[in-house]
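I opened this model to look up its charged contacts, its core and a few loop residues. My entries follow in the order in which I looked.

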Amino acid sequence: MTEQRTARRVPVLGILAFVLLAALLLTLAVLSAIKGVRTAASNGNVVRVEDGRTFVVNMDGTEETVMLAGVLVPRPVGEGQEPTAENCLADEAMANLAALLQPGDSVQLEYPEESDGPEGTRLALVHHGGEVVNLQQAEAGFAVPLPEQPREGFGSELREAQETARTEESGLYSSVAPCTLAGRIGPALTALEDLPEDRPATSAEAETQIETISAAVEQGVAAEKAFATIDPEDTSLASLAWAADMPRLQEKLTGALSAAQAELKALDGTRNVLETREREELERQAEEKRQAEAKRQREAAERQAEAQREKAQREEAEREEAQRQAKEEQRQAEESASASASASASPSPSSSPSPTSSSASPSSTDTDAGGDD
């Protein structure tokens, strides 16, 4: 009897265990199916883009905020905060994502196992138009790969996209954007590599070149400080984006700085030599000018002395001529006086008695006398 009861209990317990096991398996299957709905893939339509990594999608009437998985992008500057390297090109990153995901676009979201993002968002690989938007954002230079990736092999794809952006100098690798590492180092490198090539001919030209190169060196020294803000071991945006570029840029900047500083030293010596030559030249010109002035004064003195001699000679000649004329006049006067005196002492021929008249006069007297008789 006891054996019969035991025999009947065994099937009942087995059936009960089977039912419990089936229920458990069914529950797990249902949970797995529910999870699969969210982790495998979901379709939706883009509502709006909120930043370079985040957008809102409509899932069968329900809006869900999605973040690109496997990447880090520049984040917008918070209100009242000063921008840092983590905010570099945040607006451009958002604009690029908005161009890729426009309102109404259909997207397929592939959720990784760990799909919960910050502040209630979902992490996903976003498929749109046959492309993976996560990769597109990285290839444009607005997203960098995170150390941990949502699926095997996706990290290498992201790194290839990142290398494309680096080669093409896009986004965070642009040398013209002032907030990127290349943009902070690039202008200093350009200034240091574009130094004057012509050797100065004057000390003023040397001084101008020294000022130009000194400014470039100061710019290079300031640019070196950018490297100190990047920790290769960190997982910040700056480190993930630019740590690989640091050795190359540091080598270029250090080499350019060394060359510029050597050029400064050489120019300083050149300036000293030119200043010495110019000083000697000025002294030579001053001496020539002094000698020329002394010669001019000497010649002027000689001309003045010669003029005085000529004047004295003329005056002497005039004096001698005056004396000669005075003597001549005196001689003439004496001769005239002598002639006058001689004329006064001798009787004039007109006043002496004429012989004929003397002999005739008595005859007349005699005739008169005879007649009186």
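Entry 1, a salt-bridge network. I began with Glu163, Arg166, Asp245 and Arg248, which are linked in a network of salt bridges. The model is a predicted one, and I keep that in mind for every entry below. I then asked how many salt bridges the structure holds. The count came to 20.

I looked up arginine 284 and found it in a salt bridge with glutamate 281, with 2.4 Å between the closest N and O atoms. Both residues sit in helix H8, which spans residues 246-345, and they are three residues apart, about one turn of the helix. Arginine 284 is partly exposed at 37% relative accessibility, and glutamate 281 is partly exposed at 31%.

I went on to arginine 309, which forms a salt bridge with glutamate 306; here the closest N and O atoms are 2.3 Å apart. This pair also lies in H8, with a spacing of three residues, about one helical turn. I noted relative accessibility of 45% for arginine 309 and 33% for glutamate 306. Each falls between the 20% and 50% cut-offs, so each counts as partly exposed.

The next pair I checked was glutamate 335 and arginine 331, whose salt bridge has its closest N and O atoms 2.4 Å apart. Because they are four residues apart in helix H8, about one helical turn separates them. Glutamate 335 is partly exposed at 44%, and arginine 331 is partly exposed at 35%.

Which residues gather in a patch of negative charge on the surface? I listed Glu193, Asp194, Glu197, Asp198 and Glu205. I followed up on glutamate 205, which is in helix H6, residues 203-224. Its relative accessible area is 39%, so it is partly exposed.

I turned to the largest nonpolar core, which has 38 residues. The members that touch the most others are Val144, Leu172, Leu181, Ile185, Leu192, Trp242 and Leu253. Helix H5 (181-193), H6, helix H7 (237-242) and H8 each give two or more residues to this core. I asked which element supplies the largest share. It is H8, with eight residues. As background, I noted that nonpolar side chains tend to be buried together in soluble globular proteins.

I looked up proline 112 in the loop between strand E5 (106-110) and strand E6 (122-128). Is proline 112 buried or exposed? Its relative accessible area is 10%, which is under 20%, so it counts as buried.

I then checked residues with positive phi. Aspartate 60 is not a glycine, yet its phi is positive, about 55 degrees. I placed aspartate 60 in the loop between strand E2 (54-59) and strand E3 (62-68). At 80% relative accessibility, which is over 50%, aspartate 60 counts as exposed.

Leucine 89, also a residue other than glycine, has a positive phi near 65 degrees. Its loop runs between strand E4 (71-72) and helix H2 (90-100). Leucine 89 has a relative accessible area of 12% and is therefore buried.

Key. Residues numbered from 1 in each chain as written. Predicted model: local features only at pLDDT ≥ 70, side-chain atom pairs only at ≥ 80, totals over all residues. Heavy atoms only, no water. Patch = residues over 30% accessible without salt bridge, like charges linked within 9 Å, V, L, I, M, F, W, Y side chains within 5 Å. Areas by Shrake-Rupley, 256 points an atom, 1.4 Å probe, with all protein chains shown as cover. Salt bridge = Lys/Arg side-chain N within 4 Å of Asp/Glu carboxyl O. Lys, Arg positive; Asp, Glu negative; His and termini not counted. Charge placed at Lys NZ, Arg CZ, Asp CG, Glu CD. Buried < 20%, exposed > 50% of the residue type's maximum accessible area, 1.4 Å probe, protein only. Core = buried A, V, L, I, M, F, W, Y, C linked by side-chain atoms within 4.5 Å.
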